[in-house]
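Work through the following questions with the sequence and coordinates open.

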Amino acid sequence: LYDTAAIQKLDTAHYMHPFTDHQALGEKGARVMVRGEGIYLWDSEGNKILDGMSGLWCVNVGYGRKSISDAVYRQMETLPFYNSFFNTTNVPAVLLANKLSAISPPQFNHVYFTGSGSEANDTNLRMVRRYWDVLGFKERHTIISRHNSYHGSTVAGASLGGMTDMHAQGGLPIPGIVHIGQPNYLESGRGMTEAEFGIEAASWLEQKILEVGAEKVAAFIGEPVQGAGGVIIPPATYWPEIQRICDKYGILLIADEVICGFGRLGRWFASEMFGIRPDLITFAKGVTSGYIPLGGVLVGDRVADVLIKQGGEFNHGFTYSGHPVACAAALENIRILEEEKLIERVADDTGPYLKQRFAELADHPLVGYADSCGFVAGLNLVRTKADNPHDNVAFDSALGVGMVCRGHMFGNGMIMRAVGDRMIIAPPLVMTREQIDEMITLIRRCLDLTHADIKQ
Ligand code: PLP
């Protein structure tokens with residue numbers, strides 16, 4: 001059906017891919033995906049692939065939902081575009097803002113729409129600075145974030161993010177953004193219980209606030225569970241302590257739920273399960289299950305009251321803010337999540353089942369640590385395992401064992417991402433117990449293949 005070689009040739013000739021080393025991709029060419037249904041993809045050669053990553057953590061309701069494409073088509077025919085600048089609005093954006101206010105924690109009654117998660121985090125930066133400006137604290141502009149976090153690829157998004165390889169390209173972060181350590185128990189929690197480490201990692205925020213000067217700190221931003229950094233699940237003590245510190249110094253709290261929102265962890269928003277009351281929540285991805293680009297910021301009453309009642313015009317906005325077609329897709333996507341009780345299923349049934357099955361992989365000789373939360377999970381590939389995971393011996397990173405494993409997964413019909421030697425998944429929320437079994441079998445087979453490679 002498809003002439004793969006011809007598509008690859010055109011791809012190489014003209015298409016600069018995001019996050020891709022084109023020289024390394026070389027002659028082999030990219031794999032061409034052509035179709036999706038449920039949790040599966042098909043490539044141009046007819047191979048079926050289990051998508052363990054929901055695309056990029058986003059296809060929560062699975063591929064091939066005709067009711068979403070119908071909703072998009074209907075809206076395209078009725079009103080394909082109109083903006084909300086200059087005192088106009090459109091019906092899907094209004095309905096979606098209302099729906100998001102209803103399903104989000106009680107302090108959220110306003111929504112600011114963007115085209116992506118990166119733009120939403122840029123919006124956060126401008127919003128929190130504007131908030132303090134309006135209140136007369138013009139010095140209060142510093143935002144504290146964390147190492148190894150991911151908040152997008154725009155200049156502000158990449159600066160808020162803590163990925164040093166991104167900072168190195170283009171002189172980031174921009175001024176006024178500083179970073180603290182991540183709550184990674186395996187990396188930094190030696191000699192402590194998880195609970196003790198959670199408090200310790202949160203105390204780094206207070207140290208940074210005192211170093212910068214509380215009167216200069218506008219906000220703290222974090223992903224409830226770090227995604228692109230490798231599915232770093234914080235100890236239960238971490239977020240409540242972060243909240244306490246933010247409250248103590250009056251600092252705004254931004255939860256970046258671009259990955260965690262819309263059911264991925266078994267709640268509409270992960271903030272609800274981590275004991276925090278953020279002032280702003282970043283969302284994107286799962287809001288439309290990736291069918292159409294859409295992102296935004298849930299604006300809590302504390303910020304909304306100041307910006308709306310006292311701030312006058314906020315000089316900020318995107319052509320595609322509140323795009324009617326994207327909002328129509330989101331409304332249908334949310335309807336599906338509700339009707340099929342997908343979030344409840346992840347919370348009470350498939351999430352716990354995935355946890356149990358994924359944890360079993362820890363008996364594999366290559367797996368030093370495996371953990372999950374809702375429908376995100378990760379395991380560490382290690383050279384030598386010890387009873388205490390802090391004593392595991394890692395592989396020399398130059399061996400690229402994670403990439404070897406990823407290659408086997410890809411070759412054997414499953415997408416699993418490698419972050420160094422940590423292998424991660426974030427499957428579509430529609431995945432059934434039987435499909436979890438199928439996925440675990442595939443992962444085990446590829447761990448065996450990777451193990452065989454390493455021993456050679
Ligand atoms: N924030 C988080 C936590 C993300 O994972 C991502 C994307 O992966 C973003 C922000 C950026 O979103 P986008 O790629 O839609 O700009």
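Q: In H17 of this predicted model, which residues are buried?
A: A residue counts as buried when 20 or more other C-beta atoms lie within 10 Å of its own. The buried residues of H17 pack against elements that include helix H15 (350–360), helix H16 (401–411) and strand S3 (48–51). The residues of H17 that are buried are Ile436, Met439, Ile443, Cys446, Leu447 and Thr450.

Q: What distance separates the end C-alpha atoms of helix H17?
A: Helix H17 covers residues 433–455, which is 23 residues. At 1.5 Å a residue the helix should span 33 Å, and the model agrees with this expectation. The end C-alpha atoms are apart by 33 Å.

Q: Which strands are the edge strands of the open sheet of 7 strands?
A: The pairing in this sheet is mixed, and the order is S4-S10-S9-S8-S7-S5-S6. An edge strand pairs on one side only.

Q: In S10, what is the bridge partner of phenylalanine 283?
A: Strand S9 (residues 280–283) pairs with strand S10 (residues 295–300) over 4 bridges. The sense of this pairing is antiparallel. Phenylalanine 283 has as its bridge partner in S10 glycine 296.

Q: Is the crossing of H6 and H12 left-handed or right-handed?
A: The axes of H6 and helix H12 (residues 301–310) cross at roughly 65 degrees and come within 10 Å. On the H6 side the contact is made by Met127, Arg130, Tyr131 and Val134, and on the H12 side by Val303, Val306, Leu307 and Gln310. By class, this contact has 6 nonpolar, 1 polar and 1 charged residues. The crossing of H6 and H12 is left-handed.

Q: Why is one side of S1 and of S13 left without a neighbour in the sheet?
A: The open sheet of 4 strands has mixed pairing and the order S1-S2-S3-S13. Strand S1 (33–37) and S13 stand at its edges, so each has a single partner strand.

Q: In S3, what is the bridge partner of tyrosine 40?
A: Strand S2 (residues 40–43) and S3 run antiparallel. They are joined by 3 bridges. In S3, tyrosine 40 is partnered by leucine 50.

Q: Which residue takes a positive phi in the hairpin of S11 and S12?
A: S11 pairs with strand S12 (residues 376–381) in the antiparallel sense over 6 bridges, and alanine 370 has leucine 379 as its bridge partner in S12. S11 is largely enclosed by the rest of the structure, because 5 of its 7 residues are buried. The hairpin has 2 residues between the strands, and the positive phi, near 60 degrees, belongs to glycine 374.

Q: What does isoleucine 336 count as, given its C-beta neighbours?
A: Isoleucine 336 is found in helix H13 (residues 324–339). Beyond residues up to four places away in sequence, isoleucine 336 touches Val61, Arg65 and Ser67. Since 18 C-beta neighbours lie inside 10 Å, isoleucine 336 counts as partly exposed.

Methods:
Residues are numbered from 1 along each chain as its sequence is written. This is a predicted model: local features need pLDDT of at least 70, side-chain atom pairs count only at pLDDT 80 or more; totals for chains, interfaces and linings use all residues. The expected span of a helix is 1.5 Å times one less than its number of residues. A residue is buried if 20 or more other C-beta atoms lie within 10 Å of its own, exposed if 12 or fewer, and partly exposed in between; C-beta atoms are placed from the backbone. Two residues are in contact if their C-beta atoms, placed from the backbone, lie within 7 Å. Two strands pair if DSSP finds at least two bridges between them. Axes are lines fitted to C-alpha atoms, for helices over the stretch in contact, and angles run from 0 to 180 degrees between N-to-C directions. A crossing is left-handed if the near helix is turned anticlockwise from the far one by less than a right angle, and right-handed if clockwise. Ala, Val, Leu, Ile, Met, Phe, Trp, Tyr, Cys and Pro count as nonpolar, Asp, Glu, Lys and Arg as charged, and the others, Gly among them, as polar.
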